[in-house]
Structures are given as structure tokens and as C-alpha cells.
Amino acid sequence: MKRILYFMPILSLEQNAGNMTRILSMLKYFKHRGMKVDYCGLKGFVPWEDPDDKKIMQKGLVERVFILNRKPLRKHFVRRILYKIPNYLANKFHGIDNVALRNFSSHYLCKQFNKILKENKYDYILINYSWWAEFIRQKDLLKGAYTIVDTHDLVAMQEYNIQKKRLGRIFEEEMKRLNRFDEVWSVSVDELYVYNHLLNNKVRLVPNMPLSNIDTFDLTKGMEKNNDIIYVASDNDWNKMSVKWFLSEVYPLLPKSLKISIIGKINDLIPENYPNITKIPFVENLAEAYANSKIAICPMLGGTGIKLKVIEAMSFALPVVCTLRGIDGLPNKINNGCLVSDDANQFASNIVELLENHELYDKKSEQGYDLYKAYFNPEVRYKQLDEIFGININ
């Protein structure tokens, strides 16, 4: 029976963002294939409540939960004051460029992670995001475990968009960290190209897969759709910028008769009320919301990786109106079910045309669904993961 140590800093398994959908789909795969998973998360990385580790266990997807503390407890007053000093020295000693690319796996966190490694033996250690590469520096503690980094995004581009300088230095530091792993996963064909040319280790394209059942679209064929537009978004910085652009630049150009649903935590950033927009902070079953909608939008103005909201829409054969960033990472940049424009007027026109031109609608619907079936559905993804983890399904 294969054992996996799975690190994701977020101590929650709520499906409230694209990265968490990926985490849940991976954990469900491991569970389905009978693997034993220890989940390791970080207290305080995002808002966290003490029962969250128990909630993870209640989902039945992992064997154990390890909780790391970002800094010493308050009762250890001296340690709490001085804990950053060893981290500074470790960065200097190991040549970690913490200024160019933040090293979240501090010396203090590494000590806690190393304790887990000393007390347990794993077949695979899977780390999410290159920010945490230092966790696997001490090879003797890995005890032969195969190490994988699931990149999610090209972090260097995120850091560059914050700093607006030192791209070469940032990029070099990320490549150095990724080279520490036995295998690197990319969710995007665009980033796969970069990794394949610059990294010395094994690189794979491991696309996202929506949590909806592969047969969901077939089951919802012919259903009456009461909603014209669906927009699903979390409250990250890129989505904040994107929803602001959509509401200020695109929305005024659309017919007010259109029914629009905005779903997700992004609604916390929309104080205004719009007569034809329904704001839904959270839904238990996104499948119903997609099945009840005619088209999806993805007005992303930045970001990296692949946009899960686009794949989810494709799984329900919904045409997508998006900006250029919306097709990032897709294996097919044309004939993919999307109408693409960064111009607000054209973006609005694309929405109206799709809703009025039934021939175009059907064409884009078929293109997107075909792309989903070929690359992103769970059946295809499970076959690839079986190959990676040496699972033989007769």
C-alpha cells in the first residue's frame, strides 16, 4: 500500500477556489486508488480555526493531519523573538535568494517538517507550490521517497507582477528550487514548455480536472436554462481586478434583460447591487449552477496557470467568453469553445452574439466539450495518475 505525504499550506478542504478544487480532486484520486495520505498544512497561512483539521479528517480523504506552526508559541517568548535569526543564516548558507523569490519554508518550519520525515516513511512526497521547496533539502530524511512538486502556477510571474523588477533573478531562483525535486508537474501547456527547456528533472503536464462527474453534461442535456451568464471567482487579487473591469467596463454595454449569476467569495468585494445580477457567495453544488446557465465568462486580466472556471464551463458544454488570459494553459488556443477579447466592447459583443446566434453557440459548445473530454475529464486524468504512481488497474 503506497503512502504519500501531501503538503498544502491551507488547512481547509473547502471548495472555494481553483487550487482547492485541484487539491480535492487529487485527494479523491488517492482515496479511490487505496493510497494512504498524510496531509500536512500550515496554521495561520490563511484564516484558520482549530476544528479545521478535524473537518479534514471528517471528509475521509486522509489518514492523518499534521499541523505546522509558522512561529513559536507565545509562551516561548525568547524563541518567538529570535526564531527568524536561524532562518536568515540558513538562507545565507544555502544560497537561497529570499529577496527575489520568497522562501516560505523557513528554517523553523523545516525543523517541524523534518520531524515528520524522521518519524515516518513515505513512497511519495508531494509539495504544492515552489515556495516550499526547502522542505525536501535534506535528502537523507526522505528515505528514498520520490519527490514531486505540483507547481499550480509559474510563481516567478506572480512575484514579478508584485515587484515589477528583477524578473531574471526571480526566474532563476524558481528554476533552482524546482530542480530539487524528482518530478515537476505543470497544469499549463505554456508553462510546460518553459519547464521542459530549463529543468533537468522529469516534467509532466498534469491538467486540472473538475470535481463534477464526467457524465454530468449528458445527464443535464435538454434541461431548461434560466440563467444567461455564470461567473465563478474566488477573492484573489487577479479576480478582484477582473471583476472590477467587468462591472465598470463591460457590464454597462450589456442588455439589462440578461440574467447574470456571480458565484464565490468575489462577491465580498462587490458592495453594489445590480438589478439583473444575482450574487451567490457559496453554493454546495456548482454543477447545478453551470447546468442552469447558457454561457460562462472569464474576464481575467492577469495571473498564470490554467483557469479552472473555464474547464468547468467546458465540462457542461458552456461556451466561454474570456480575455486572452482566460485561455492560458489550454492545449488548444483556437477552436476551443472560447470567444476571446481584451477589449470591453468586443467582450460585450461576444456575449450578445453567443446568446443570439444559435449556430455559433452550438459550434462553441461542441468545441469546448470535445476539448474537455480529450484532456480534462477524470477518466483520462486517472489513467495518467495511475501511470505516475505505478497503479495497475485490470
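**View 1. The largest cavity of the predicted model.** About 40 Å³ of space lies in this largest cavity. The structure holds two cavities of 30 Å³ or more. Lining the largest one are R22, S25, M26, V206, P207, N208, M209, R381 and L385. Two elements, α1 (18–32) and α16 (378–388), each give two or more residues to this lining. The top contributor is α1, with three residues. Sorted by class, the lining has five nonpolar, two polar and two charged residues.

**View 2. The second largest cavity.** Here the space is about 30 Å³. The lining consists of V187, V189, L205, P207, I306, G329, P331, Y375 and F376. Its class count is eight nonpolar, one polar and no charged residues. P207 lines this second largest cavity, and P207 is also in the lining of the largest cavity.

**View 3. N208, a lining residue of the largest cavity.** N208 sits in the loop between β7 (202–205) and α10 (216–220). The relative accessible area of N208 is 7%, under the 20% cut-off, so N208 counts as buried. Its side chain makes a polar contact with the side chain of R22, at 2.9 Å. R22 also lines the largest cavity. Beyond neighbours within four places in sequence, N208 is in contact with R22, V187, I306, L308, I311, F376 and R381.

**View 4. W185 and its surroundings.** W185 lies in strand β6 (residues 183–186). Its relative accessible area is 0%, under the 20% cut-off, so W185 counts as buried. The side chain of W185 makes a polar contact with the side chain of E183, at 2.8 Å. Leaving aside neighbours within four places in sequence, W185 is in contact with R22, M26, L126, I148, V149, D150, T151, R204, V206, L385, I388 and F389.

Key. Residues are numbered from 1 along each chain as its sequence is written. This is a predicted model: local features need pLDDT of at least 70, side-chain atom pairs count only at pLDDT 80 or more; totals for chains, interfaces and linings use all residues. Side-chain values use heavy atoms; hydrogens and water are left out. On a 1 Å grid over the protein atoms alone, a cavity is a set of points where a 1.4 Å probe fits but cannot get out, and a pocket is an open set with protein on both sides within 12 Å along at least five of seven lines; lining residues have an atom within 4 Å of a point. Grid points are joined across faces, edges and corners, and a volume is the space filled by probe spheres set on the points. Helices (H or I, at least four residues) and strands (E, at least two) are DSSP runs, numbered from the N terminus. Ala, Val, Leu, Ile, Met, Phe, Trp, Tyr, Cys and Pro count as nonpolar, Asp, Glu, Lys and Arg as charged, and the others, Gly among them, as polar. Buried means under 20% relative accessible area, exposed over 50%, partly exposed in between (1.4 Å probe, protein chains only). A polar contact is a pair of N or O atoms within 3.5 Å; within protein, one must be able to donate a hydrogen and the other to accept it, and residues adjacent in sequence count only if both atoms are side-chain atoms. Contact means heavy atoms within 4.5 Å.
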